[in-house]
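Q: I have a structure open and would like to go through it bit by bit. Can you take my questions as they come?

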Amino acid sequence: MADILTLVFKSFITRGSKQFNVLLPSTYSTLVIGDKNISRSLLLFAAVKAASEMGMKVLFLTQTQIKSLPASLQHCMSSLSPDNLKNIKFVYPRTVEELLQEVASLHESTAPPSLVIVDGLEGYLACPGRSHGGQLGQQSSAAHVSALLYDTAAFLTQTLEKRVSSLAPCRVIVSFQSDWEGHAAGDPSGVDPVLQVLDRYFQVRCTLDQDRGSKPQASLTPRLVDVRTLA
């Protein structure tokens, strides 16, 4: 079965983007880099695609409540029935501690998801009240979250294989928007230390940008800039 991201990129990424010709193995965990509004459109589409067309249970973790769909997604959703979305569970942990708790609790899930999505990891890493703040604290939290996601996905894959092998493995997609000065300015020599940590745990990194040629109502349509296999 083709991986969910392969399907998403082929159907959602606009013309003129970097060609996405690589068929990703379904075991891959993916880090999505880019503006949080643009990446959220991609993540929501991935959730809908996985639930409606592939029959997956999806866990969507985000700090910000989703009240409406991006304009670039509304035309894709018009033909869907409410039943198509029953397999998507939205959870809104507010802090990195709550995020870790939600991910850890999946080990006890009676209906494990085949896709775990974390929207806006940077928001959790920058949460006030962390016992260890600053850049080192963010790197530590990034490693903690990533390692737990990795271990949880491996555990859920084993569970899914025993129950419904067609829904295995458990995939992970995480979005991250760097606010590090060198990275934000586009300095090729500047490497975000937090991003370096994340790259150790994720097998694929996809970089998105806004499609400048899209119509105003679809101004948040992603353009695929780069795909890197990290492991």
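Q: Let's start with Phe 60: is it buried or exposed?
A: Phe 60 has 0% relative accessibility, so it counts as buried. Buried means under 20% relative accessible area, exposed means over 50%, and partly exposed is in between (1.4 Å probe, protein chains only).

Q: What kind of model is this, and how are residues numbered?
A: It is a predicted model, in which local features need pLDDT of at least 70 and side-chain atom pairs count only at pLDDT 80 or more, while totals for chains, interfaces and linings use all residues. Residues are numbered from 1 along each chain as its sequence is written, and side-chain values use heavy atoms, with hydrogens and water left out.

Q: Back to the rings. How many aromatic pairs are there?
A: The count comes to 1 aromatic pair. Rings of Phe, Tyr and Trp (its six-membered ring) pair if their centres lie within 6.5 Å; planes under 30 degrees apart are stacked, over 60 edge-to-face, and the rest tilted.

Q: Which residues form it?
A: Phe 60 and Phe 90 do, as a tilted pair with 5.2 Å centre to centre and 50 degrees between the planes. Phe 60 lies in strand S2 (residues 58–62) and Phe 90 in strand S3 (residues 88–91), so the pair ties together parts that are 30 residues apart in sequence. Helices (H or I, at least four residues) and strands (E, at least two) are DSSP runs, numbered from the N terminus.

Q: And how exposed is Phe 90?
A: Phe 90 counts as partly exposed, at 35% relative accessibility.

Q: New topic: strand S5. Why is it called largely enclosed?
A: Because 6 of the 6 residues of S5 (residues 171–176) are buried, the rest of the structure largely encloses this strand. Both faces are covered: Arg 171, Ile 173 and Ser 175 are buried on one side, and Val 172, Val 174 and Phe 176 on the other.

Q: Which strands are joined to S5?
A: S1 (residues 29–33) runs parallel to S5, with 5 bridges between them, and Ile 33 stands opposite Phe 176. S4 (residues 115–119) is also parallel to S5 and is joined to it by 4 bridges; there, Val 118 has Val 174 as its bridge partner. Two strands pair if DSSP finds at least two bridges between them.

Q: Where is Ser 114?
A: Ser 114 lies in the loop between helix H4 (96–105) and S4. It is buried, at 1% relative accessibility. Its side chain reaches the backbone oxygen of Leu 167 at 2.8 Å.

Q: How many disulfides are there?
A: A search of the whole structure finds 0, where a disulfide is a pair of cysteine sulfur atoms within 2.5 Å. Cys 170 is buried at 5% relative accessible area, and Cys 206 is buried at 0%.

Q: Last one: how many helices and strands does the protein have?
A: There are 8 helices and 7 strands. Of the 231 residues, 49% count as buried.

Notes: Polar contact = N/O pair within 3.5 Å; in protein donor to acceptor, adjacent residues only side chain to side chain.
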